[in-house]
Amino acid sequence: MFDLNRLRALRAVATHGSVTGAAAALGYTPSAVSQQIAKLERETGSQLLDRQGGKVELTPAAWLLAEATDEVVAVLERTRSRLEEQRDQPTGRLLLAAFPTACRGFAAAALAGVATRHHALDCRLVESDPNRAISLVVRGEADLAVVHDWHNTPLTLPTSLSVAALGEDIADVALPAGHPLADRDVVNPHDLRAERWIGQGSGAMCHEWLVRSFSSLGVEPDIAYQIEEYESQVALLAAGLGVAMLPRLGRGVLPPTVRVVPMQPPPSRRLSAIWRSQADRRPAIHVALAALRQHWASANSGQPNREGA
């Protein structure tokens with residue numbers, strides 16, 4: 001019998017094209033992934049990785065095992081769902097992946113509620129950007145994920161996933177309190193075309209959204225400060241270094257040195273929950289999804305709009 005964790009390590013190498021990429025996706029060190037593959041090679045009696053010139057290629061035996069892993073995970077998923085249905089209660093482990101503002105905005109509270117009501121369910125949470133969260137769910141490493149996309153930067157979801165819309169999260173322009181636009185009731189992209197931006201780096205969904213939002217004006221936004229976390233962006237805003245777009249979800253109270261002004265048209269990102277379609281009947285997915293919807297509604301009703309709200 002092959003070890004499922006070792007098979008998943010091999011599948012991750014196949015998906016990401018390298019041991020390093022697999023390690024990043026799995027949350028392991030490259031050494032740990034290599035050790036898992038080495039043990040699997042001993043179990044199977046086959047060479048699985050062909051290392052040449054710093055590159056890693058999967059052997060035919062490795063590809064056979066990687067494809068079989070998908071089938072094994074699918075069978076186990078269906079079996080787990082049927083067992084939970086027989087018990088008529090959520091059991092086992094439920095791992096939710098969510099992006100940072102969703103984690104603090106409503107996902108943590110949703111999981112806490114589920115764990116309180118369903119003691120046989122082991123609830124866990126991993127912070128992850130939407131693209132990585134999709135990969136985690138597809139590979140069976142996460143059971144459910146909260147993801148987001150913008151209307152001009154849509155996510156591409158595999159057909160193996162089910163999706164449920166949660167709602168819309170509006171973003172506002174954030175500026176230092178002394179900025180000439182800080183006391184405006186509303187701003188538009190044309191007002192901001194010459195600004196220095198504080199935003200996420202290339203490859204992040206919010207970065208792509210910002211670039212596309214200004215492309216219609218023939219302007220490439222000057223993203224002078226590439227900062228991943230919104231709390232760090234607020235620190236740069238307070239220092240007067242630039243402007244930013246801040247979603248309302250998980251924003252919290254801003255310092256008096258930072259103002260937010262609504263933008264027209266109002267930019268918003270769509271929040272969704274995703275899970276593997278083969279787990280549709282699993283009770284744990286149902287109760288977690290219901291909790292996410294409930295707590296998203298609560299968080300959304302109290303989202304701040306202006307500074308200090």
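Because the model is predicted, local features need pLDDT of at least 70 and side-chain atom pairs count only at pLDDT 80 or more, while totals for chains, interfaces and linings use all residues, and side-chain values use heavy atoms, with hydrogens and water left out.

**The whole chain**

Start with the C-alpha trace, which spans about 70 × 55 × 30 Å along its principal axes. Colouring by secondary structure brings up 9 helices and 11 strands, these being DSSP runs numbered from the N terminus (helices H or I with at least four residues, strands E with at least two). Of the 309 residues, 46% count as buried, where buried means under 20% relative accessible area, exposed over 50% and partly exposed in between, with a 1.4 Å probe and protein chains only. Among contacts (heavy atoms within 4.5 Å) with a separation of 6 or more, 75% join residues 24 or more positions apart.

**H1 against H3**

Next select residues 4-16, helix H1, together with residues 30-44, helix H3, whose axes lie 9 Å apart and which pack at an angle of about 115 degrees. Axes here are lines fitted to C-alpha atoms, for helices over the stretch in contact, and angles run from 0 to 180 degrees between N-to-C directions. The two helices are therefore roughly perpendicular to each other, on a scale where angles under 35 degrees count as roughly parallel, over 145 as roughly antiparallel, 65 to 115 as roughly perpendicular and the rest as oblique. Show side chains, and Asn5, Arg6, Leu7, Ala9, Leu10 and Val13 of H1 can be seen to meet Val33, Gln36, Ile37, Lys39, Leu40 and Glu43 of H3. By class, this contact holds 7 nonpolar, 2 polar and 3 charged residues, with Ala, Val, Leu, Ile, Met, Phe, Trp, Tyr, Cys and Pro taken as nonpolar, Asp, Glu, Lys and Arg as charged, and the others, Gly among them, as polar.

**Two single residues**

Select Ala107, which sits in helix H5 (residues 100-117) and counts as buried at 0% relative accessibility. Leaving aside residues up to four places away in sequence, Ala107 touches Leu96, Ala98, Ala102 and Leu292. A distance drawn from its C-alpha atom to that of Ser272, 165 residues apart along the chain, reads 12 Å.

Then go to Gln294 in helix H9 (residues 283-301), a residue that is partly exposed with a relative accessible area of 46%.

**The cysteines**

Finally, select Cys103 and Cys123. The sulfur of Cys103 has its closest cysteine sulfur in Cys123, 14 Å away and too far for a bond, and Cys103 itself is buried, with a relative accessible area of 10%. A search of the whole structure finds 0 disulfides, a disulfide being a pair of cysteine sulfur atoms within 2.5 Å.

Technical notes. Residues numbered from 1 in each chain as written.
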